[in-house]
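Thank you all for making the time this morning. I would like to take you through a few places in one model, and I will ask you to keep the display in view while I talk.

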Amino acid sequence: MKFTLSWLKDHLETEASLEEICERLTAIGLEVEDVDDKAAYKPFVIARILTAEKHPEADRLKVLTVDAGDGKPVQIVCGAPNARAGMIGALARPGTYVPGIDVTLSVGKIRGVESHGMMCSEKELNISDDHNGIIDLPEDAPVGTPFASYAGLDDPVIEINLTPNRPDCTSVFGIARDLAASGLGTLKAPKAPVFKVEGETPHQVKLELEDHLCPGFAYRLVRGVKNGPSPKWMQQRLLSIGLRPISALVDVTNYMTFDQGRPMHVFDADKVKGALVVRRAKEGEEILALDTRTYKLNPNNVVIADDNGLESIGGIMGGEHSGCDENTVNVLIESAVWDPINIAKTGRAHGIITDARYRFERGVDPDYMVPGLERTTELVLEMCGGVATEKKVEGYKGHQKKLVDFPYAEVKRLTGLTVSNEESRQILTALGFEVLSGDETSAKVSVPSWRPDVDGKADLVEEVMRMFGVDKIKPEPLPPTGSVNAKILTTLQIRTRSARRALASRGMLEAVTWSFISAEHAKLFGGGSDKLKLVNPIAADMSDMRPSLLPGLLTAAQRNADRGFGDVAIFEVSGTYEGDTPDSQRRVAGGVRRGTASIAGSGRMWSNGAKGGGKPVDVFDAKADALAVLEACGIPTGNVQIEQGGPEWYHPGRSGTIKAGPKVILGTFGEFHPKTLEALDVSGTLCGFEIYVDALPEPKKKATRTKPALELSAFQMVKRDFAFVVEKAVEAGAIIKAATSADRKLISGVNVFDIFEGASVGEGKKSVAIEVLIQPVDKTLTDEDFDALTKKIVGNVEKSTGATLRA
């Protein structure tokens, strides 16, 4: 929203400086975004032409001698046809920037004659489009003084950044009202328009649509107008805010839009055929608008039409057919109220941005509809002459003011400011609110028609706060919430972050997949319940909430493979859904590896052979990823049980389930079943896992103690190999667990390095070879110590698994 300082002072009686006004505007919530103090016009001075001789080398140029009031005449070459001796105009010396032609002047030669500046036209100073000659000032114009001050071009332009909830300040008058309420001057009461009315308006307007779309429509005819240029003062104001003057009738409507926040429209009455009808547009109707563009409308748009067809898009833009021009003699002036939501939707749908739309979609003052018509009529009569007829008003039933209960104590509670009840009443009254019945604790407040944004007591508190002074709110520190080391994040939040970091450190990339999947994919992974079907899915293949992260990750991996990236390792930590209640949503860490994207490395490398094929991913890669997540979440992997087999979407012989006890499932992992991949239209070697982060047991609360620094043992680690013959059904994990428990202080690790099956070990049996890492801590172990430990390891394994030590 732009306006000039003098324009503001038309409505505000104040002695405040430009700087004080700008500071106050920002303080009351009307943030000043820019101030143009018109410094560019300061170098131009009023000068008299002493002589004007014909240029010796050009018929259309003249050599002028110009006096700028300093007694030092300068020579200027000029091409203006009206340049003559004795003429007074505006002089620009070398070094001056001329805004109309975007040039900084310098001393130069024109056809061999030096020129020390230029005499300016109105176009060169951005006053108007007139460039037929240089500016011709009256004889009494003070030579040697700044031209900007004489011509009113030194009027600073202020631009404020309005928030959408302040339609009352889309007018200069509304801004002045706010400043006056803040104590920076006195608001000038607008004078009631006075003009003579003769006869009835012959035109008829019919409202053929719902009341809320056009709550009121006021209009009148003015006969015998002469539509020439608007006065200089109005043109200058419009130019200063970036609007191009067109004609008196059009300029008046633009002026009213910014001066009073009341968009108006004028029809050439002689081009209107029959009655004007306000209605919804018909499907496919078209209108050639004033911006020379044709718009195809629909029943969601409100239009004004006559027997000729569409004449205007209501509240947004008029039509070219009934627009006013220099031949207009009879003008029909419209002042209407439109539905803000409908205006906003229509403008957005058709990409139309106008000053009228900007105001109507925020909400204009409905009670100013008729006064706005009167003021516009007065301006038209002043500038264009003519005779006004009686006004007509259709549909308007008056504005129903809102009443808000306002407890005075809310100001202190919400802002911390101590404002007396009387001060609150004075502020609200100055802003146009009416404080009605009440007592010393509260009052009923009537909201003025120009404040559609005020709905409740919090809005009234805001009004009091911004006028009393936001800068008076004292900063206070937040109350302490506990000790410095208090836990901020929940356990689930911490584990979610830890899982992400752990998987990323293993070379996996984080993916974000849709929470919606197709019904077929949902059923493959244990979902498909009617409770998890979307009422209004965005696509047919996004109809169900996902029961697992794996369908989205698998299809994402396939999309990468289709684009040439076959070796993919991706993960996601997000929500899955088992039901439609909050406690049925789970937090899961899931991941998928494809191709040769194993933990050890992938792709074409010299170490993978000449063909460049790395080791394909398998169940052990998925298992390692799953255990890494558990470790990152603080769950010791030595305390969990791993059972063979997993959900049906995994390969039955190449999958596993991770448990904490017989009933609590912590996660699953494995290679995917070929039928699952086929149903998903996914190909290749793939493995994956899911860890149910929300199912992990809470960490035990222990007293915080400083842990001793980790020390490396001074004694050398020793390795011992054992081979046990067991039944085929015995899991290797059971052997590892039994061996480890033989002496947890000395045994630092147990690894399986060989599995053998054959006739030499017996029918239905297998040989499992393990490597036991023994790390002495207190002393070097003797042969007797090793023998005792060996017996203990063998005894534990035999007792737990029924194994025998292989010879």
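**A walk through the predicted model**

Let me begin with Ala742, which is buried, with a relative accessible area of 2%. Ala742 sits in the loop between α18 and β40, and if we set aside residues up to four places away in sequence, Ala742 touches Ile747, Lys792, Ile793 and Asn796.

Which elements each supply at least two residues of the lining of the largest pocket? They are α16 (619–632), β35 (641–644), β36 (650–660), α18 (732–740), β40 (747–756) and β41 (765–774), and of the whole lining the largest share, seven residues, comes from β40. The volume of this largest pocket is about 1400 Å³, and 37 residues line it, with Lys623, Ile642, Ala732, Gly733 and Ile736 lying nearest its centre. If you sort that lining by class, you find 16 nonpolar, twelve polar and nine charged residues.

The second largest pocket has a volume of about 820 Å³, and its lining is made of 34 residues, of which Val250, Asn254, Leu290, Met317 and Gly318 are nearest the centre. Here the elements that each supply at least two lining residues are α6 (248–259), β17 (265–268), β22 (309–313), β23 (317–318), β24 (331–337) and α8 (355–360), and α6 gives the most, with four residues. By class, the lining of the second largest pocket divides into 16 nonpolar, eleven polar and seven charged residues.

In soluble globular proteins, nonpolar side chains tend to be buried together. In this model the largest nonpolar core has 72 residues, and those with the most contacts inside it are Ile21, Leu25, Ile160, Ile175, Leu179, Val380 and Phe406. The element that gives the most to this core is α9, with seven residues. Apart from this core lies another, of 33 residues, among them Phe217, Val303, Leu310 and Trp338. As for Val380, one of the residues with the most contacts inside the largest core, the residues that Val380 touches, not counting those up to four places away in sequence, are Val222, Val225, Leu249, Val252, Val331, Ile333 and Gly385.

Helix α9, residues 369–384, also holds a charged residue that deserves a moment, namely Glu374. Is Glu374 buried or exposed? Glu374 counts as buried because its relative accessible area is 18%, and the cut-off for that word is under 20%. Leaving out residues up to four places away in sequence, Glu374 touches Pro193, Phe195, Arg220 and Lys391.

I will finish with the backbone. Most residues other than glycine have a negative phi, and most peptide bonds are trans. Arg111, in the loop between β10 (108–110) and β11 (113–115), has a phi near 55 degrees, a positive value in a residue that is not glycine. Arg111 counts as exposed, at 55% relative accessibility. Asp681 likewise has a positive phi, of about 60 degrees, although it is not a glycine. Asp681 lies in the loop between α17 (674–679) and β38 (686–692), and with a relative accessible area of 65% Asp681 is exposed.

Methods. Residues are numbered from 1 along each chain as its sequence is written. This is a predicted model: local features need pLDDT of at least 70, side-chain atom pairs count only at pLDDT 80 or more; totals for chains, interfaces and linings use all residues. Side-chain values use heavy atoms; hydrogens and water are left out. Buried means under 20% relative accessible area, exposed over 50%, partly exposed in between (1.4 Å probe, protein chains only). Contact means heavy atoms within 4.5 Å. On a 1 Å grid over the protein atoms alone, a cavity is a set of points where a 1.4 Å probe fits but cannot get out, and a pocket is an open set with protein on both sides within 12 Å along at least five of seven lines; lining residues have an atom within 4 Å of a point. Grid points are joined across faces, edges and corners, and a volume is the space filled by probe spheres set on the points. A nonpolar core is a set of buried Ala, Val, Leu, Ile, Met, Phe, Trp, Tyr and Cys residues joined through side-chain atoms within 4.5 Å.
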